Amino acid sequence: MSSLLLRHLRSQRPVLLRVAALSTVEAAPALASGLVIAAALDQGFLVGSPMVGTAWLALLAALHVVRGLAERAVFPLLSEVVESFRDSLVSRVVGGTIHRAADSRSSHSSTVDSAAVGRLTGQVEQARGLTGALLRTVRPMVLTLVAAVAGFVALAPSLVLIMGVPLLVVLVAFPFTVRALARRRREVVLADEEVAARSGQVLLGLRDITALGVQDRAAEPVIDAAERHAAASAAQGRVEAVRALLTMAGGYVPLLLLIGFGPWLLGSRVLSPGEFVGAATYVTAHLLPALRMLTGTVSGLWTQLAVTLTRIAETTAAPPPTVRDSALPEGCDVIAEGLTFSYGAAAEPVVRELDLAIAAGDHLAIVGASGSGKSTLAALLAGVEEPDTGRVLLGGVPITSVDRGEVALIPQQAFVFVGTLGENLRYLAREATDAELDHAADALGMRPIVDRLGGYSAVVDAAALSGGERQLIALARVYLSRATVVILDEATSELDPAAEDRVERAFAARRGTLIVVAHRLASADRARRVFTLCALGAQETVPRSR
Ligand SMILES: Nc1ncnc2c1ncn2[C@@H]1O[C@H](COP(=O)(O)OP(=O)(O)OP(=O)(O)O)[C@@H](O)[C@H]1O
């Protein structure tokens with residue numbers, strides 16, 4: 001969960017710096033409160049100068065006005081952070097859904113979980129609300145804590161231990177108590193699920209249980225589960241009580257110590273009356289409310305946000321690419337036999353009775369007029385479309401049964417998903433090292449893009465990339481994969497001729513078979529064989545240049 005939020009916050013550094021600057025102004029009244037009250041008493045009201053005392057209090061009032069203005073300026077910035085976080089979550093949800101849709105398509109199922117998208121959208125809205133609420137509460141709480149401690153130290157340095165030690169104990173223990181509480185909450189949820197599951201089983205067999213007269217035996221597991229649930233709830237309550245006591249002690253112990261040592265502190269002139277009231281102001285007006293907020297609102301919101309973001313991260317993670325080893329021996333021919341395909345029962349076939357043999361390791365260009373069926377043939381060869389009649393075999397295995405990692409079809413529209421450049425490139429090759437990524441980048445001529453984006457760990461903004469850059473990323477992704485048959489369907493259309501030449505040569509030099517749907521003559525020239533599609537039928541030729 002933290003990685004989703006932290007990654008986003010890191011990308012928002014400039015906005016957060018502005019928030020931090022305004023927050024410093026916001027913290028001014030909390031920082032000054034005790035000092036100003038001490039001065040108002042010691043230099044004003046307690047020495048018969050009410051005007052001086054009033055002037056100090058007026059200064060405090062002015063600081064509160066400035067704080068109000070700073071707070072007003074901070075809110076639009078906070079909403080910028082929250083809204084962009086929401087946008088990145090939505091992109092993630094949509095990206096995850098596209099991955100799943102792509103996966104279901106390659107497994108020849110057309111189901112897309114649209115209900116999940118709706119559910120996730122609800123969770124995203126919840127995460128957005130919780131993040132906003134947390135930023136609104138955590139920020140002032142941290143500000144107040146820091147300002148109150150700093151003000152207290154400045155006012156009464158001799159009393160640092162009184163406030164410092166209890167507070168330190170609380171701040172060190174707090175993360176542990178949150179973790180312990182999260183564990184207990186999880187135990188309660190699991191016990192709850194167990195009660196539901198066991199009582200469900202009993203209810204289903206109620207008639208048989210009654211007929212056999214084994215109610216007591218049937219009830220036993222349900223009672224066991226209910227007892228475990230009760231024990232887990234009690235344990236959660238105990239952790240909550242300890243945590244609340246511990247945190248409150250952090251605020252009340254300094255106050256009790258201050259009151260307890262008060263007569264001595266005032267009698268031996270360690271503190272003036274004004275400083276005593278000022279120190280008490282820091283504890284009662286700032287420290288205690290901040291700690292109360294920490295145990296209550298903040299930890300509640302934080303736990304909820306953690307649960308929501310973990311769920312979003314789990315359900316939208318890109319599915320791992322197939323890792324199953326290829327069942328095919330190295331060097332398999334692609335054979336198309338009697339392929340006929342039409343888009344719809346009444347439509348004229350786009351491909352009719354087509355036979356084609358592509359030897360393993362070959363480099364074939366498919367050419368033809370616009371609309372002659374090049375993309376359709378590419379989709380058939382990749383197993384993305386199924387022919388009406390005929391079949392495509394890879395190494396003697398029907399293409400639709402072949403491990404989908406064996407064949408890669410790269411379309412014209414390159415898809416770059418939300419994530420880092422490295423994640424995009426490793427999508428089909430999880431184990432690829434940086435050196436392998438470097439090799440692919442150099443082979444395909446995409447080194448300038450890698451450098452411009454700031455390396456493989458840089459987060460990619462697909463909208464900020466040119467069409468050619470997106471295509472290069474999609475090409476490198478497949479170049480790094482273990483696909484033995486690569487089909488480029490106008491996958492280099494946005495590259496200039498020189499870049500396209502480099503890419504096609506790199507793929508031709510790579511192991512495996514290369515099929516290129518050519519939109520430039522040069523692509524056909526580079527190929528070892530050319531397959532020409534035309535309205536009257538298909539014919540195969542060898543380029544003259546070879
Ligand atoms: N999804 C589809 N539904 C119906 N008809 C389609 C579909 N896709 C393509 N066609 C039609 O099938 C024929 C072949 O299209 P295809 O895209 O395979 O040709 P192409 O040679 O790749 O064309 P281009 O070079 O313009 O991309 C065209 O008449 C096209 O209109």
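The model is a predicted one.

**Helix H11**
- Helix H11 (residues 434-444) has Leu437, Ala440, Ala441 and Leu444 as its buried residues.
- These buried residues line one face of the helix, because they fall within an arc of 100 degrees when H11 is seen down its axis.
- Exposed residues Ala435 and Asp442 are carried on the face of H11 that is turned away from its buried side.

**Nonpolar cores**
- The largest nonpolar core contains 68 residues, and those with the most contacts inside it are Ile366, Leu381, Leu475, Ala476 and Ile487.
- Helix H13 (residues 467-480) supplies the largest share of this core, with eight residues.
- Apart from this core lies another, of 52 residues, which includes Phe85, Ile162, Leu258 and Val283.
- With neighbours within four places in sequence left aside, Ala476 is in contact with Leu425, Ala440, Ala441, Leu444 and Met446.

**Ligand shell**
- Around the ligand are the residues Tyr343, Val350, Gly368, Ser370, Gly371, Ser372, Gly373, Lys374, Ser375 and Thr376.
- The shell around the ligand comprises two nonpolar, seven polar and one charged residues by class.
- Helix H9 (residues 374-382) provides the largest share of the shell around the ligand, namely three residues.

Notes: Residues numbered from 1 in each chain as written. Predicted model: local features only at pLDDT ≥ 70, side-chain atom pairs only at ≥ 80, totals over all residues. Near = placed C-beta within 6 Å. Helix = DSSP H or I, 4+ residues; strand = E, 2+ residues; numbered from the N terminus. Nonpolar A, V, L, I, M, F, W, Y, C, P; charged D, E, K, R; others polar. Core = buried A, V, L, I, M, F, W, Y, C linked by C-beta atoms within 7 Å. Buried ≥ 20, exposed ≤ 12 C-beta atoms within 10 Å, placed from the backbone. Contact = placed C-beta atoms within 7 Å. Arc of directions from axis to C-beta.
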